[in-house]
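Open the model in your viewer and keep the selection tool at hand. The stops below follow one another.

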Amino acid sequence: MTHSLTESALWVLVLLPAVVGAALALSRLERAAAVVSLVTGTLTAVLALIVAFARPEVSVPFMAGSDFALGVDALSALVMPMVAVVTLLVVMFSAGEIRESQGRFHGLMLLFAAAALVTATAQSLPALLFSWEVMGATSFALIGFWWRDDRRVSAGVTAFVTTRTADVGMYVAAGAAVAGGSGLALADLAGSSASWRHVIAAGLLVAALGKAAQLPFSFWLSRAMEGPSPVSALLHSAAMVAMGGYLLLRVEPLLAATGWAAGAAAWVGAATALLLGTVAVAQRDLKQLLAASTSAQLGFVVMAAGLGTVSGGAAHLLAHASTKALLFLAAGAWLTALGTKRLAGLRGVARRWRLLGVTATAGALSLAGIAPLALWATKDAVLAAALEESPLLYAVGLAAAALSAAYAGKILMVVWRPVPLDKQAEVEGHHDEEQQGTRHVGPLEQAPLVVLALGALVLGALALPPVGDTAARTMAEEPLHPAPLELAVSALIALAVVGSVWWRRRVPEPRWALGWLGLEHITHVVVVRPTVRIAERLARFDDQVLDRAVTRSATGALTAARGMAAFDDTVVDGSVEAVSRGSVSAAERSARGDNRWLDGTVERVASWTRGLGRLARRPQTGQLHQYYIQAVAVLAIGVLLLLTVR
Amino acid sequence: MLSLIVFLPLAAALALVLAPRLGDTAARWSWVAVAGVDLALVVAVWWQYETPAEEQLAFEQRAEWMPGVNSSYHIGVDGLSLPLIAMTAVIFLACAVYALRDTNRPRLQAALFLFLQSVSMGLFVSADLILFFVFFDLSIVAMYFVIAGWGHGDAARSALKFFLYTFLGSLALLVGFIGLYIAADPHTFDMVELSEQTPLDGSSLAGGLVLAAILIGLAVKTPTVPFHTWLPPAHTDAPAVGSAVLAGVLLKMGTYGFVRIAMPMLPDAWRAWAWVVIVVGIVSVIYGALVALAQTDLKRMIAYTSVNHMGYIALAVGAAGLVAGDTAGARSIAVTGAVTQMVSHGLITGALFLLAGVLNDRADSYDMDAYGGLAAPAPRFAALFALGAFASLGLPGFSGFIAEFQIFTGSIAAAPATAIAVVGILITAALFLRALQRIFTGHTRGKSTGFGDLHPAELWSVGSLLLLSVLIGVFPRPLLDVIEPASEVLIDLVGR
């Protein structure tokens with residue numbers, strides 16, 4: 001009985017926000033939408049906690065011989081409630097902040113939450129890919145939420161297309177999983193045949209790196225900051241990009257079994273943490289700084305997956321979610337209040353709204369890695385695993401940790417240092433530069449920050465001995481205990497860096513780091529522009545060559561037809577005419593022949609005969625002596641004849 | 001029952017033609033009514049449908065027609081054709097509802113479309129090659145009149161090009177059919193008997209030539225690259241309902257021919273030439289997507305995405321011909337994906353063409369750059385177009401994902417090189433989002449000012465098609481339970 005109740009709870013957990021979200025998104029509700037959304041968010045959070053304890057599993061037949069399978073195991077039990085709770089807190093915040101198109105906003109946020117919850121509980125590739133792509137689509141719709149602004153929509157398109165490029169890896173991995181004979185269940189992927197396993201691991205690795213905004217995909221996260229701050233807080237810090245890290249934690253056995261994949265993940269994570277850390281230090285816009293830091297912190301999670309410490313990675317994921325959501329919401333509150341998110345305009349702002357300032361400080365301190373706050377403990381868990389693997393990796397990780405202290409210190413320094421009188425006009429010049437500031441921070445905006453700040457303080461326990469060891473054991477891992485020396489070193493480095501940033505009031509801001517390593521420009525030049533040019537050339541080819549060939553063959557057929565017609569007229573019909581003309585001239589020739597020859601011969605005989613007659617008249621001369629000679633001649637011939645005949 | 005489904009629209013068409021004093025409204029609504037009744041009958045057939053035995057058909061009917069050439073009136077459905085006649089009924093009903101707003105000779109238009117519906121239904125249920133061919137050619141004739149009579153732009157020229165090109169293709173198809181007839185012993189045009197006999201097994205030259213003839217005929221209709229150039233002008237100049245039917249139903253006649261005629265009757269030749277089909281499919285996918293990306297005319301863009309989507313089907317059925325010991329399951333998945341794609345593409349692209357028709361109706365232009373910020377005056381139009389765009393690019397939650405996931409999974413497992421085709425979903429994502437951005441977001445400018453939002457007829461017709469796509473995308477089992485047994489049978493037949 002309870003077995004099927006908890007299974008229904010799991011279905012309701014994912015379906016409730018989906019259905020309510022879809023309905024809200026298509027509705028025209030405004031304030032009612034916020035209320036509905038809050039209620040749904042609360043229910044979802046409660047269900048998430050119930051399901052995290054009950055650990056049900058459900059599946060329905062879906063497609064391709066595989067199921068749509070959801071289930072809660074030790075890893076999901078940590079991540080899934082985090083998604084639900086952060087969603088609730090962000091929805092609470094946006095109830096106070098988003099004033100227009102609330103139905104569409106809350107609907108899309110709930111749809112996203114449903115997709116993220118499915119991702120966190122997916123146990124088969126179809127379910128995972130399904131929710132993975134839906135997260136991307138809602139992300140597009142939310143980044144471009146203020147669609148009248150072309151720049152924001154274009155940012156959404158960039159984000160979607162970039163993550164979809166990485167998602168292609170997941171489609172290929174699914175094909176490889178079927179080919180390798182392991183089937184599409186996530187837990188079975190490590191058992192695939194050796195050659196196909198490489199493809200599966202590569203595909204999933206690329207997909208996860210893209211979603212988690214790791215190198216070389218990081219630039220889309222920068223563009224994603226065009227969306228409203230609650231969107232950045234939920235999607236682009238706590239939930240969607242976190243799912244990239246979660247995926248690698250989920251398939252860690254596959255990575256480990258494939259050999260090269262685990263090492264690649266660890267090094268890409270470390271490199272991202274380092275390079276994006278420098279990018280974050282150089283930023284002059286608070287949201288851009290936080291975005292770069294998100295990418296860097298997720299580098300630690302990716303590193304943890306590559307090193308095989310899933311519990312450490314999960315703990316860092318949770319701690320980071322709480323911390324970063326807090327900081328993004330604070331940035332959003334300041335943006336609404338003062339109309340600016342540039343650090344130059346936010347100087348000393350923590351003194352103005354105290355609660356907001358204090359909570360933000362808790363977040364910044366945690367981000368810096370100050371002991372004993374959340375991100376210090378969890379980062380050290382990951383670094384301990386790195387030290388076991390390779391000292392170089394540890395060194396890179398430590399440098400990245402120092403950089404996170406630097407950019408967190410930058411935030412603290414900017415928002416807390418009092419502004420000298422001669423600079424106040426300059427600071428106020430930045431106010432209202434993005435939107436009209438309300439100069440007001442409401443309770444709905446501050447309450448969630450308090451909860452998140454508590455998380456930022458306390459969640460380090462997930463990586464430290466009593467709770468952390470239990471968590472590790474439920475995930476079938478050996479608990480990792482960083483040596484006290486490592487803990488002390490990282491704490492001291494963090495303190496030192498924050499202190500030095502505070503006193504020096506300046507950090508290096510190199511151009512290449514400010515521009516996010518030029519990744520977007522490179523992608524545009526290497527990928528986008530050639531593709532568009534090829535597309536245009538193929539379109540011209542299609543019109544001018546292929547189509548013209550068809551049309552030309554048609555006109556050719558028409559010309560051939562006309563030629564045939566001419567042939568028919570001149571040659572075929574002409575030869576008939578020629579035959580008839582020929583017979584007429586033959587008749588004429590026969591007639592002429594008849595006239596000339598036959599008739600002529602008869603005439604010649606007649607004239608001959610006349611000639612003979614004229615000859616016969618010649619002897620009639622009238623002379624007597626000629627008659628006597630003729631008579632003698634005739635007598636002589638007669639006697640001769642008589643004598644010879646006898 | 002099937003004969004009723006096939007000939008009811010024809011009877012209604014005749015009645016409409018022979019009633020010259022019927023009013024416009026009455027004509028339009030009787031079209032909707034007849035299409036609705038036909039859909040209800042198809043649903044009833046689906047409800048009672050049970051998977052037939054291997055190489056048999058359900059709801060079979062046979063009557064003597066031309067005994068001298070062994071050609072009979074033989075019809076029936078199985079798992080491959082039942083989804084297609086359901087899709088046909090749905091699309092024609094949606095077009096009938098959409099056309100409730102038409103004022104251009106509605107009685108004749110209704111009669112023509114009902115005739116076309118009869119012909120389309122008849123083709124998908126026919127089990128005799130001559131019967132198939134008759135319906136194939138009649139569909140070309142009917143669509144010619146649709147484009148020439150109700151189209152716009154350079155309608156006469158586009159209609160003529162469409163007619164001559166596809167008719168030429170159908171003649172190649174006829175040559176192939178006659179080749180099959182001659183090789184069969186006893187001579188017959190019956191599809192079931194030919195599938196059993198597989199007359200050209202063993203003669204690779206003759207089999208290859210007959211397959212080539214049939215493939216050329218089907219490739220022109222599908223259309224695949226390089227025989228696709230009739231499609232963009234036909235779509236651009238056709239009326240909205242004409243484009244929806246052309247893309248939704250007529251193109252499927254070509255792809256249906258692959259799975260109904262080419263694969264079961266010429267398994268030897270198909271296996272030998274599978275790679276040609278695969279390459280044609282991959283080229284169509286990538287070429288179609290890239291050329292669509294470069295378009296500025298919305299209808300031309302959607303037309304080229306049809307080439308892309310049909311390329312996936314060619315890819316899958318080609319991969320199904322690469323018979324190797326342990327890939328039967330994967331190849332069956334690929335064929336299931338191909339048939340799902342036929343249904344899905346009909347619904348989604350039909351909806352997109354109906355939406356594109358709204359642009360023509362309000363502002364006489366499909367040029368994407370002439371609009372901007374259209375979501376402000378027309379939010380419902382924007383919402384439906386966004387849903388249609390995401391459905392077409394294969395987002396999960398819509399039927400396109402179910403189809404494309406299965407196609408990729410099956411094809412990659414059968415032939416890893418086909419993974420290159422996945423690039424297609426990237427390019428279509430970029431092109432649809434760009435179109436969405438250019439037309440609907442940003443400042444309201446150009447032809448967007450004063451643009452009227454969707455009327456109920458447009459909303460209901462497009463909305464139902466997209467809703468059906470969502471239902472299949474979220475609950476695919478009812479559809480897949482019908483298709484999967486037929487795919488397995490087909491894989492068995494190809495492997496003989």
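Start with helix H9 of chain A, residues 229-238. Because 10 of its 10 residues are buried, this helix is largely enclosed by the rest of the structure. Buried means under 20% relative accessible area, exposed over 50% and partly exposed in between, with a 1.4 Å probe and protein chains only. Helices (H or I, at least four residues) and strands (E, at least two) are DSSP runs, numbered from the N terminus. The buried residues of H9(A) include Ser229(A), Pro230(A), His236(A) and Ala238(A).

A word on ground rules. This is a predicted model: local features need pLDDT of at least 70, side-chain atom pairs count only at pLDDT 80 or more, and totals for chains, interfaces and linings use all residues. Residues are numbered from 1 along each chain as its sequence is written, chains are lettered from A and ligands numbered from 1 in the order in which they are written, and side-chain values use heavy atoms, with hydrogens and water left out.

Next, select Arg260(B), in helix H10 (residues 240-265) of chain B. Is Arg260(B) buried or exposed? Arg260(B) counts as buried because its relative accessibility is 11%. Its side chain makes a polar contact with the side chain of Asp78(B), at 2.7 Å. A polar contact is a pair of N or O atoms within 3.5 Å; within protein, one must be able to donate a hydrogen and the other to accept it, and residues adjacent in sequence count only if both atoms are side-chain atoms. Leaving aside neighbours within four places in sequence, Arg260(B) also has Leu57(B) and Met191(B) among its contacts (heavy atoms within 4.5 Å).

Now show both chains. Where they meet, chain B gives 55 residues and chain A gives 46 residues. They bury about 4200 Å² between them, 76% of it on carbon and sulfur atoms. Buried area is the accessible area (1.4 Å probe) that two parts lose on being put together, summed over both. Two salt bridges link chain B and chain A. Each is a side-chain nitrogen of Lys or Arg within 4 Å of a carboxyl oxygen of Asp or Glu. Pick Asp547(A) and Lys161(B): their side chains meet in a salt bridge, 2.6 Å from N to O. Then colour helix H16 of chain B, residues 423-440, which gives the most to the side of chain B that touches chain A, with nine residues.
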